[in-house]
Amino acid sequence: MTIDSLHSWLVLHNQPLLISGPCGAESLEQLQKTATGLATNSHKISLFRSGVWKPRTRPNAFEGKGEEALIWLKEIKKEFGFKTTVEVANAQHAELALKHNVDVLWIGARTTVNPFSVQEIADVLKGTNIPVMIKNPIHADVQLWLGAIERISNAGITKLAAIHRGFYVYGKTKYRNKPLWQAAIELRTLLPNLPIICDPSHISGNRDLILPVSQKAIDLGMDGLMIESHYNPDIALSDAQQQLTPKALDELISKIIIRKGDASSLQHSDKLSELRNAIDEIDDELINLLKKRLLVIEQIGEYKKEHHIAIFQLERWQQILKTRAQLGDKLGISRQHVEKICQLLHEESIRLQNTVMNK
Ligand code: PEP
Ligand code: MN
């Protein structure tokens with residue numbers, strides 16, 4: 001896959017790259033007021049974002065102004081010199097965005113999940129090489145994210161970026177969309193040259209979480225941030241709780257700590273390689289211990305088979321969870337971490353016993 005660097009299609013004013021603008025384009029005046037604020041900020045934006053077709057979960061919510069808003073965005077480009085970006089969800093959107101000279105397109109989470117829609121958009125974009133940013137699908141399926149990127153790449157687009165906007169999970173969490181950072185790290189591992197931009201607004205769903213989420217994204221080496229802004233968020237027609245005023249955005253960006261240290265630079269390399277060696281040794285021990293554990297589990301499987309004992313024993317599992325969590329507490333290891341590891345160990349234990357029993 002050919003992937004051009006961000007520099008080849010964007011002016012990068014600050015570190016990190018910043019994309020901002022309202023969730024949805026509501027009126028020319030709203031866009032102008034927001035753009036005026038952004039233009040006076042000390043942290044300059046590289047792209048002015050705005051949804052003109054809003055994918056709403058329920059009907060009767062603000063669904064965007066469509067083509068009319070694309071004309072307003074042209075006005076913003078002329079007045080403020082900002083490059084613009086909008087979300088496209090089908091072939092018609094893509095055609096209209098091209099017709100109205102939108103600079104960069106993005107594919108939303110609800111579209112990335114649908115290979116038909118992504119392919120439809122890709123077909124329209126063939127021969128243009130317009131930059132495209134692909135948001136992660138709503139659920140944490142990295143292959144589906146990758147597939148959407150491949151479809152756009154196969155259409156000949158080389159100006160590509162991914163946007164990490166978090167994942168829907170059932171039940172209440174403090175996030176609107178859980179970040180599940182590991183998914184973004186997995187994408188980075190699969191496509192090391194692909195820029196990844198974090199969208200803390202849609203991860204957070206409220207203003208309070210935007211700073212910690214942005215900081216984390218930067219600490220994980222993400223290439224930029226897309227944060228929604230509105231000159232008066234409280235009256236926004238969509239995503240009111242998560243939008244920031246341009247001024248609040250500027251203050252927030254000032255608070256982000258950029259840790260620039262290059263791990264390969266001289267002053268770090270000795271200390272870091274010493275610590276990495278220590279980690280290598282510990283991991284070695286861990287894997288050897290895992291093997292030991294699996295050998296015992298095999299024997300348990302044989303025993304249970306012989307004595308007709310069911311594999312899953314609720315009481316034993318509860319006892320494992322409790323005692324391991326207690327030990328973790330004593331050692332100052334997060335309970336969540338211990339529980340997750342126990343669950344993984346248990347899953348594998350059940351799988352292995354199942355193989356033994358049915359051998
Ligand atoms: C948006 O960026 O306003 C949007 C609709 O995002 P997502 O596709 O992440 O829900
Ligand atoms: Mn939004």
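In this predicted model, a polar side-chain atom of R110 sits 2.9 Å from an oxygen atom of ligand 1.

| Residue | Distance to an oxygen atom of ligand 1 |
|---|---|
| R110 side chain | 2.9 Å |

How much of ligand 1 does the protein cover? On its own, the ligand has 300 Å² of accessible area, and the protein covers 97% of that.

Now for the neighbours. There are 13 residues around ligand 1, and R49, K54, A109, K135 and R165 come nearest. Sort the shell by class and you get seven charged residues, four nonpolar ones and two polar ones.

Next, let's move to a pair of helices. Two packed helices can be described by the angle between their axes and by how far apart those axes are. For helix α12 (residues 314-331) and helix α13 (residues 335-357), the angle is about 145 degrees and the axes are 9 Å apart. Their crossing is right-handed.

Which residues do the touching? From α12 come W317, I320, L321, R324, A325, Q326, G328 and D329, and they meet R335, V338, E339, C342, Q343 and H346 of α13. By class, this contact has six nonpolar, four polar and four charged residues.

Finally, take a look at the backbone in two spots. Q15 and P16 are joined by a cis peptide bond, with omega at about -5 degrees. You'll find P16 in the segment before β1 (17-21). The other spot is N101, which isn't a glycine but has a positive phi, near 55 degrees. N101 belongs to the loop between α3 (91-99) and β4 (104-107).

Technical notes
Residues are numbered from 1 along each chain as its sequence is written. Chains are lettered from A and ligands numbered from 1 in the order in which they are written. This is a predicted model: local features need pLDDT of at least 70, side-chain atom pairs count only at pLDDT 80 or more; totals for chains, interfaces and linings use all residues. Side-chain values use heavy atoms; hydrogens and water are left out. A residue is near a molecule or strand if one of its heavy atoms lies within 4 Å of it. A polar contact is a pair of N or O atoms within 3.5 Å; within protein, one must be able to donate a hydrogen and the other to accept it, and residues adjacent in sequence count only if both atoms are side-chain atoms. Accessible areas come from the Shrake-Rupley method with a 1.4 Å probe; for residues, only the protein chains shown count as cover. Ala, Val, Leu, Ile, Met, Phe, Trp, Tyr, Cys and Pro count as nonpolar, Asp, Glu, Lys and Arg as charged, and the others, Gly among them, as polar. Axes are lines fitted to C-alpha atoms, for helices over the stretch in contact, and angles run from 0 to 180 degrees between N-to-C directions. Helices (H or I, at least four residues) and strands (E, at least two) are DSSP runs, numbered from the N terminus. A crossing is left-handed if the near helix is turned anticlockwise from the far one by less than a right angle, and right-handed if clockwise. Contact means heavy atoms within 4.5 Å.
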